[in-house]
Amino acid sequence: MMTTLGHTAEAVAEAERWTAHNYHPLPVVIADAAGAWVTDIDGRRYLDCLAGYSALNFGHRHPVLIEAARAQLDHLTLTSRAFLHNQFGPFCRDLAQLCGSELVLPMNTGAEAVESAIKVSRAWGYRVKGVPANQATIVVAAGNFHGRTTTIVSFSTDPDAYTDFGPYTPGFRVVPYGDLAALGEAVDETTVAVLIEPIQGEAGVLLPPAGYLAGIRALCTERNVLFVADEIQSGLGRTGETFACLNEGVTPDLYLLGKALGGGVVPVSAVVGPQSVLGVLRPGEHGSTFGGNPLACAVGRAVIGLLNTGEYQENARKLGVVLNDRLSSLIGQGVTAVRVRGLWAGVDIDPELMTGREAAKRLLARGVLAKDTHGSTIRFAPPLVISEDELHWAIDQFTSVL
Ligand SMILES: Cc1ncc(COP(=O)(O)O)c(C=O)c1O
């Protein structure tokens with residue numbers, strides 16, 4: 001642990017001085033972490049209830065993941081895709097099998113996985129479906145969050161993400177989330193994909209209405225359109241299943257994965273799908289210097305190993321019930337609505353009482369890290385290694401804040 005006591009204000013000022021202000025972080029400067037807990041530079045401990053937006057599903061520095069990274073550092077860290085390496089095939093095999101699918105396209109960040117899926121869907125549309133050149137459309141949902149690249153923000157409905165970043169990439173149709181009829185109307189013969197978050201995380205953990213994902217699956221199959229599920233935040237155990245789509249008994253054509261795939265150690269993302277879709281890519285058409293690098297693959301394999309035990313999904317399912325019960329009991333006591341799936345909750349605070357940001361600040365003062373989103377909503381997404389006692393303690397702090 002760092003021993004520099006009382007230095008938070010200076011460290012905050014230094015960061016503010018030297019960085020672009022594209023984030024508005026809470027005033028805490030973290031220096032150490034293990035499991036569900038972090039320690040700041042002044043020695044204060046906090047229970048992490050954001051978990052790196054679900055990149056830390058297995059907690060901070062999970063020993064199995066750190067060991068996999070350490071062992072790999074002693075051998076090989078980067079080859080580029082110009083050559084193969086001994087972690088590459090096994091990682092892609094293990095991930096394809098985890099997804100019950102056939103091929104893996106590894107990248108680094110979530111946004112890159114989304115960009116890759118857009119390119120693959122378009123190429124599939126032209127080469128397999130027979131869409132006329134440059135006419136492909138992709139249907140997305142309002143309130144989406146798929147990343148920050150220029151193409152992805154082109155179909156964002158969040159003014160902060162969108163405004164002043166044009167000209168925008170054409171080829172996207174936005175329909176209300178949860179509205180199957182609107183989605184059906186937006187699909188035509190030019191449509192190559194429906195790109196959706198099974199649960200909209202950034203929008204406030206918005207859960208799909210009953211039958212929505214199954215309806216998308218049926219529509220996509222009937223109209224020969226790819227169902228692309230962005231499980232970058234919802235996937236890999238968070239909701240109590242390996243994939244949020246599984247809660248609805250639905251299998252998409254393409255899974256987009258990121259965040260927790262790198263175990264909170266390295267950025268690892270991927271598009272996973274069948275040969276009939278990912279097989280359209282030819283050498284030279286897509287790539288990434290760091291995508292599928294040995295360190296990423298070694299850590300990713302260890303992550304898949306953890307998921308294959310089923311323990312983390314089980315804990316998310318079990319503690320998700322506790323989270324739901326406790327948060328639901330706060331409705332009418334400063335909370336207006338609660339949405340929970342596994343260890344993932346969106347909580348709407350009565351706007352008369354305080355903003356989500358204010359709640360996050362007060363939670364920080366009580367030793368809980370959480371993040372607001374959109375006005376009066378706060379979300380809780382602790383690492384899946386959190387214990388029941390710790391979860392109760394975090395909700396006790398939230399109750400006190402209210
Ligand atoms: C659903 C979803 N898709 C894509 C992304 C983008 O991931 P990254 O920040 O790694 O580019 C995020 C990040 O929050 C996300 O939640």
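In this predicted model, seven strands form an open sheet whose order is E4-E10-E9-E8-E7-E5-E6, and the pairing within this sheet is mixed. At the edges stand strand E4 (103–107) and strand E6 (172–175), and because each has a single partner strand, one side of each is left without a neighbour in the sheet. On average, and with direction ignored, neighbouring strands of this sheet are turned by 20° against each other.

Four strands in the order E11-E12-E15-E14 make up an open sheet with antiparallel pairing, and its edge strands, which each pair on one side only, are strand E11 (335–340) and strand E14 (371–373). Strand E12 (residues 345–349) pairs with strand E15 (residues 377–380) in the antiparallel sense over four bridges, and Gly346 has Arg379, in E15, as its bridge partner.

Two helices pack on this four-stranded sheet. Helix H13 (residues 311–328) touches E11, E12 and E15, and its direction makes about 170° with that of E11, whereas helix H14 (residues 356–365) touches E12, E14 and E15, with its direction at about 45° to that of E15.

The model also holds a ligand, and the residues that surround this ligand are Thr109, Gly110, Ala111, Phe145, His146, Gly147, Glu197, Asp230, Ile232, Gln233 and Lys259. Sorted by class, this shell consists of three nonpolar, five polar and three charged residues.

| Residue | Ligand atom | Distance |
|---|---|---|
| Gly110 (backbone N or O) | oxygen | 2.8 Å |
| Ala111 (polar backbone atom) | oxygen | 2.8 Å |
| Phe145 (polar backbone atom) | nitrogen | 3.5 Å |

Taken on its own, the ligand has 390 Å² of accessible area, and the protein covers 82% of that area.

Key: Residues numbered from 1 in each chain as written. Predicted model: local features only at pLDDT ≥ 70, side-chain atom pairs only at ≥ 80, totals over all residues. Heavy atoms only, no water. Near = heavy atom within 4 Å. Polar contact = N/O pair within 3.5 Å; in protein donor to acceptor, adjacent residues only side chain to side chain. Areas by Shrake-Rupley, 256 points an atom, 1.4 Å probe, with all protein chains shown as cover. Nonpolar A, V, L, I, M, F, W, Y, C, P; charged D, E, K, R; others polar. Pairing = 2+ DSSP bridges. Axes fitted to C-alpha atoms, helices over the stretch in contact; angles between N-to-C directions. Contact = heavy atoms within 4.5 Å.
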